[in-house]
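Good morning, everyone, and thank you for making the time.

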Amino acid sequence: MSKKVVSEQDRRRKKAMIVFQILLYSYLIGLFLFQLHLYSISDW
Amino acid sequence: MTTTTRSFGAYDAHQDASKQAQWRADKWMIVGTLLMGTGVLGIFGLPLFFYGLHLQMQAAKAGLSVRPLIVTLIGYLVIIDSSLNSLGWAMDLFANHSLINRVLTAGWGAVFDGGYFWHYNELKMGPYTIGGAGAPGEKAWEISLILACFCPRLAAAIGLLQMKRWGQQWLIVTCWMGLIVWIGYNPNMTFYADVRYANITFPVLGWWIYDIFYITPFLALPYLHTVNREIFTD
């Protein structure tokens with residue numbers, strides 16, 4: 001019973017971590033795309 | 001009162017054999033990782049590391065109690081990440097006029113990041129010569145991250161590989177520090193993109209391809225937060 005509760009908690013925790021990672025990597029991809037945009041309008 | 005050492009026969013023999021097998025594999029992986037952590041000698045370190053990994057996997061297949069593969073991979077990856085950052089940035093801070101630094105760091109800058117190329121070694125603080133990267137903000141990141149993030153992270157990874165509880169806990173702490181690192185470092189770079197990407201060989205794409213490796217330790221967080229803590233000892 002208690003084992004089930006713990007694994008449920010872990011499952012939710014893992015899910016939250018994955019959502020957090022998706023957000024973080026989206027932010028980084030956003031920065032990357034913005035840098036590409038800057039590149040397209042600059043004379044680097 | 002006398003103390004007696006009890007032997008548990010097959011169990012003890014299995015434990016000894018496991019310990020020996022783990023150490024044999026670790027020796028190869030440690031040497032490989034040390035070489036990879038220098039950056040320059042990385043290419044020689046990779047095959048040594050893979051050989052050690054192969055030895056560990058063989059030991060596991062033979063039924064010996066060795067460290068979980070995922071812990072080995074995360075631990076050594078973090079050691080390489082921390083060493084490369086600490087060594088590279090320490091050289092930029094303190095050994096910026098050495099030949100190896102002027103060739104490798106400035107050379108790397110010419111290809112990927114102009115912050116380490118344009119006006120290299122010209123940085124001054126008031127009347128004091130600092131040298132190294134002249135990119136705005138870069139020196140502050142170097143100091144803060146070497147001291148507060150990468151050195152503790154290196155120690156944490158060693159603790160993790162020794163299956164210590166503090167190693168696991170500190171790795172979680174420093175993985176979360178990575179959040180500050182990457183949320184802060186990249187915008188700083190983007191704000192000064194005109195300095196850092198101007199007239200270099202591979203602007204934007206080059207930096208991201210090179211640096212994406214450093215951003216991967218985040219991927220360890222779901223595992224570190226949900227792993228059975230009992231496998232790590234106090």
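How many residues of chain B are in contact with chain A? Before I answer, a word on the model: it is predicted, so to speak of a local feature we need pLDDT of at least 70, side-chain atom pairs count only at pLDDT 80 or more, and totals for chains, interfaces and linings use all residues. Residues are numbered from 1 along each chain as its sequence is written, while chains are lettered from A and ligands numbered from 1 in the order in which they are written.

Now the answer: 18 residues of chain B are in contact with 17 residues of chain A, where contact asks that the C-beta atoms, placed from the backbone, lie within 7 Å. On the chain B side, the elements that give two or more residues are helix 6 (165-191), helix 7 (193-196), helix 8 (205-215) and helix 9 (221-226). By class, that side of chain B divides into 12 nonpolar residues, five polar and one charged; here Ala, Val, Leu, Ile, Met, Phe, Trp, Tyr, Cys and Pro count as nonpolar, Asp, Glu, Lys and Arg as charged, and the others, Gly among them, as polar.

Stepping back to chain B as a whole, we find nine helices and two strands, which are DSSP runs numbered from the N terminus, helices being H or I with at least four residues and strands E with at least two. From the N terminus on, the order is α-α-α-α-β-β-α-α-α-α-α, and the C-alpha atoms fill a box of roughly 70 × 35 × 30 Å along the principal axes.

Let me turn to one helix pair. The axes of helix 1 (residues 10-37) and helix 2 (residues 42-61) of chain B come within 7 Å and cross at roughly 160°, with axes fitted to C-alpha atoms over the stretch in contact and angles running from 0 to 180 degrees between N-to-C directions. These two helices of chain B are therefore roughly antiparallel to each other, a term for angles over 145 degrees. Their contact has 15 nonpolar, seven polar and two charged residues.

Finally, two loop residues deserve a look. B:M163, in the loop between helix 5 (138-161) and helix 6 of chain B, has a positive phi near 60° although it is not glycine. B:N199, in the loop between helix 7 and helix 8 of chain B, likewise has a positive phi, near 50°.

Definitions and conventions:
Contact = placed C-beta atoms within 7 Å. Parallel < 35°, antiparallel > 145°, perpendicular 65-115°, else oblique.
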